[in-house]
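Dear colleague,

Here is the structure that I promised to pass on to you, with its sequence alongside. Please keep it open while you read the notes that follow.

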Amino acid sequence: MAVPLLFGAAAQAGEAVPYCADPDWPPYESMSADGKHQGIAADLLALVSRRSGVALRAVPTRDWEESIAAVRDGRCRFLSFLNRTPKREEWLAFTEPLFIDPNVLVTREGHDYIADLAAVGGETMVLPRGTSVEERVRREFPNLRIVLVDSEAEAFATVSRGMADMTLRSLTVAVYTIKTAGWFNLKVAGHLPGYENALRIGVRKDEPGLLAVLDRGVGTISTAERTSIANRHVAIQVQSPLDAWTLTKLLALPAAVVLTSLFWVVKLMRVNERLRVQSRTDVLTGLANRSHLNEVCRSEMERAARYGRPMSIILVDLDHFKQVNDRFGHVFGDQVLVEFAGLAGKALRATDTVGRWGGEEFLILCPETGPGAAFALAERLRRMMRAYDFPNGHRQTGSFGVAPFRDGDSIDRLLIRADNALYRAKNEGRDRVVLDEGSVDLTEPALSRTACPAD
């Protein structure tokens, strides 16, 4: 390896590479009174240093803002532990993650479980200044009021004292801070999928050689090593002049309490997630249930109205289904419904949402889809369904009503138009697709308002 290409004259002289950290982010990282980097990040960096052969030196700073400024002006050559964001990528390059940790919503005990943050309106979220989470939350949840404070501890204190409704912080930091600060009126009230902390080393973009070497060091750290390091720090620290053996015994109980709490928090989150999924899913078919379809439909209609984008819905009814139940029994009928659900999943696009509207009726939500494209999609599913061998060679057809979203539509008005089109399909002989009256899409190829089988 050519050292001059990687680190320049300073490295050739054997000098340690200076880096900056967040001085007040326990248990992830902090700076001691004597300027020593400590915490989960410090232990992980020590492994990277040993395995890459690169000596590292932490540069003490007063706060996170000063750490960022020191890397920008060259006093430090990388930041030790942070999330990658588009703004940071403008001037930093990132290693693979050193540590991955989910972000959770923390509220007071009396707050309801938060299954969908987008549905929470008018509440206040408190966040530390300068975090990557702030950028995303402001963009994706404009329904929330954001309050900024100077530290993690202040964010939790603001929620605990009732000055904000919630905060969004890492699970490790949440459990550590709640236990050490004694804020037992707080609880984990949900989490946001896709908001995990993938904490990395952020290196100045003019240091590609340093980035490559650090990244190789990161790649040598195993999952077991990461877990072991995290477990060392998620514990209550006690300052005492007692001897090491007595101190160890005193620390054992609170450490066990913290680790047990972490276990139950994770388990509770998983249970809550299963309950959330069950509350949105039709038990028989595994598709979205009516309640979840209403939520998605409302959200897609609001988006279509806000950005002037097309959106359509398709209402499907399985033809003569009562006769199927009467002739073959309800168990057989249920199997037909299950197999239709699987068939619909194959026919539709990843962006579409299909769910059981009730009985033998299904609703398909098609974002970014005008009436012509929705009509073609329904016709494709109708043909697939007509050719499909259901149990015991049974042939099942369906009637389809298509309606596009129009400005000023309510959910009820849109559904009524789709239902009217479905009624026409059934009245005209079933096994066909009918487009809502007056739905002409001049941007799409001309199409018939009714499609039926070519027998």
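Strand E3 (residues 29-31) pairs with strand E4 in the antiparallel sense over two bridges, where two strands are said to pair if DSSP finds at least two bridges between them. Strands here are DSSP runs of E with at least two residues, and helices are runs of H or I with at least four residues, both numbered from the N terminus. Within this pairing, Met31 has His37 of E4 as its bridge partner. Both strands belong to an open sheet of three strands in the order E2-E3-E4, with antiparallel pairing, and its edge strands, which pair on one side only, are E2 (24-25) and E4 (37-38). In general, strands of a sheet pair through backbone hydrogen bonds, either parallel or antiparallel.

Before you go further, please note that this is a predicted model, in which local features need pLDDT of at least 70 and side-chain atom pairs count only at pLDDT 80 or more, while totals for chains, interfaces and linings use all residues. Residues are numbered from 1 along each chain as its sequence is written, and side-chain values use heavy atoms, with hydrogens and water left out.

Strand E15 (residues 311-318) pairs with E18 in the antiparallel sense over seven bridges, and Val316 has Phe400 as its bridge partner. With strand E19 (residues 433-435), by contrast, E18 pairs in the parallel sense over three bridges, and there Gly401 stands opposite Val434.

Arg417, which lies in helix H15 (residues 411-427), counts as buried because its relative accessibility is 9%. Leaving aside neighbours within four places in sequence, Arg417 is in contact (heavy atoms within 4.5 Å) with Ala403, Pro404, Phe405, Arg406, Asp409 and Asp436.

Another buried arginine is Arg88, at 10% relative accessibility, which lies in helix H4 (residues 86-89). Again leaving aside neighbours within four places in sequence, Arg88 is in contact with Trp64, Leu82, Asn83, Phe94, Gly130, Thr131 and Ser132. Arg88 and Gly202 are 114 residues apart in sequence, and their C-alpha atoms are 8.5 Å apart in space.

Helix H7 (residues 171-181) is largely enclosed by the rest of the structure, because eight of its eleven residues are buried, among them Leu171, Val173, Tyr176 and Ile178. Just after H7, Gly182 takes a positive phi of about 75 degrees.

Lastly, which residues of helix H13 (residues 330-347) and helix H14 (residues 371-387) make the contact between the two? The contact is made by Phe340, Leu343, Ala344 and Ala347 of H13 and by Leu377, Arg380, Leu381, Met384 and Met385 of H14.

With best wishes

Terms used
Buried means under 20% relative accessible area, exposed over 50%, partly exposed in between (1.4 Å probe, protein chains only).
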